[in-house]
Amino acid sequence: MSDAKTVSSTPWWKYPLWLLLGLGFGAVLTKAQVISVVRVRRMFAFQEPHMFLVIGAAVVTGVIAMLIVRALRKTKTDVSGHPMEFKSRPFQPGIWIGGLIFGVGWYLTAACPGPIYALIGAGIWDAVVILAGALAGAWLFGWLKPKLPR
Amino acid sequence: VDTAITDPLPWYIAGPLLGLFVPAMLLLTGKEPGVSGSFRHVCALLPRAKALDYFKYDVWKDGLWQILFVVGILLGGTLVQFGLGGSGVPLFLPENLTAAGLALLFVGGVLVGFGTRYADGCTSGHTISGISNLSVPSMVASACFIIGGSAASLVHRFVFGGLVP
């Protein structure tokens, strides 16, 4: 059932599913207004708790849900028998340097990466400029990576 | 901002829904929710990208899932804004649409792209997925996101006289 051959390629139905999951994720981001400059600026000025509560509730839910998943699914595979890929992000200077730089960018644009896409979809064309900047920033990172402390 | 602001989808509904995407995506598709990696995938598809080691990988094999996920996020914005009654809040500032405003958005975007790639994750990859899987580096990164943004807010408001919308 789970010999190497059957689990090597991605089942076709995962592709539309990723699109559908993204759609749900983007819809919740938009309806919860976490893509709005109003909510983001009020969060960073500590003037209203909405954003912190959304993020906090997401994290608490995620932690509890994953503890349950790990306890009940010892195989650590998804429904198709592929391993669940827990991304390893080890400590390196980028964790805090990159984190601080991203924080400043999040404030300036009022959009973290998910909301950049949701904003474009919502017809906010300014966000195309943010996306262009983000691509330039990713390119800059790829170019400088060999010289950055890591 | 003078457009009417209505209440968002409450945090106690939105937050748990977002958190549930972590187990849902891992169990159904084997991947953790994450967005900023998509910037790398798009760059890796550009001409001359393969001159840089960071972009030397097979995007259609390793990144297609994430490209589909972010296209879905975009369509989620469209669905809510034009089909499900809108977000109920202004999504941008009118001053964005000036030369200085657009320049600032671009520079901010560069910081978002560079910072998330250097940190290896953003609010979804580190804060939601990483912390859900009890990753300590993700907790540190998330704290740095908030510290960086709050510091920028202090400078904007108390040095440049910026207003909170």
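This is a predicted model: local features need pLDDT of at least 70, side-chain atom pairs count only at pLDDT 80 or more; totals for chains, interfaces and linings use all residues.
Although R48(B) is not a glycine, its phi is positive, at about 75°.

K76(A) lies in the loop between α4 and α5 of chain A, and with a relative accessible area of 45% it counts as partly exposed.

## Chain B as a whole

Chain B is built with seven helices and zero strands, so that from the N terminus on its elements run α-α-α-α-α-α-α. The C-alpha trace of chain B spans about 45 × 40 × 35 Å along its principal axes, and of the 165 residues of this chain, 55% count as buried.

## A nonpolar patch on the surface

On the surface, L53(A), W11(B), Y12(B), I13(B) and L17(B) form a nonpolar patch, whose residues together have about 440 Å² of accessible area. Helix α1 (residues 11-29) of chain B gives the largest share of this patch, namely four residues.

W11(B), one of the patch residues, is found in helix α1 of chain B. At 34% relative accessibility W11(B) counts as partly exposed, the class that K76(A) also belongs to with its 45%.

## The largest pocket

The largest pocket has a volume of about 520 Å³ and is lined by 32 residues, of which R41(A), L93(B), E95(B), N96(B) and H156(B) lie nearest its centre. Two or more lining residues each come from α3 (37-44), α5 (93-109) and α7 (126-144) of chain A, together with α5 (99-119) and α7 (136-158) of chain B.

Of these elements, α5(A) gives the largest share of the lining, with four residues. By class, the lining of the largest pocket divides into 23 nonpolar, six polar and three charged residues.

## The second largest pocket

In the second largest pocket there is about 440 Å³ of space. Its lining is made of 25 residues, and those that lie nearest the centre are K87(A), G37(B), H41(B), W65(B) and Q66(B). The elements that give two or more residues to this lining are α2 (37-44) and α4 (64-83) of chain B, and the largest share, three residues, comes from α2(B).

The lining of the second largest pocket divides into seven nonpolar, seven polar and 11 charged residues, whereas that of the largest pocket has 23 nonpolar and three charged residues.

## The enclosed cavity

The structure holds one cavity of 30 Å³ or more, and about 180 Å³ of space lies in this largest cavity. The cavity is lined by 16 residues, of which L29(A), V34(A), C112(A), T123(B) and I128(B) lie nearest its centre. Elements of both chains give two or more residues to the lining: α2 (14-31), α4 (50-72) and α6 (113-121) of chain A, and α6 (123-132) of chain B.

The lining of the largest cavity has 13 nonpolar and three polar residues, and no charged residues.

Terms used
Residues are numbered from 1 along each chain as its sequence is written. Chains are lettered from A and ligands numbered from 1 in the order in which they are written. Side-chain values use heavy atoms; hydrogens and water are left out. On a 1 Å grid over the protein atoms alone, a cavity is a set of points where a 1.4 Å probe fits but cannot get out, and a pocket is an open set with protein on both sides within 12 Å along at least five of seven lines; lining residues have an atom within 4 Å of a point. Grid points are joined across faces, edges and corners, and a volume is the space filled by probe spheres set on the points. Ala, Val, Leu, Ile, Met, Phe, Trp, Tyr, Cys and Pro count as nonpolar, Asp, Glu, Lys and Arg as charged, and the others, Gly among them, as polar. Patches are made of residues with over 30% relative accessible area and no salt bridge: like charges are joined within 9 Å, nonpolar side chains (Val, Leu, Ile, Met, Phe, Trp, Tyr) within 5 Å. Accessible areas come from the Shrake-Rupley method with a 1.4 Å probe; for residues, only the protein chains shown count as cover. A salt bridge is a side-chain nitrogen of Lys or Arg within 4 Å of a carboxyl oxygen of Asp or Glu. Buried means under 20% relative accessible area, exposed over 50%, partly exposed in between (1.4 Å probe, protein chains only).
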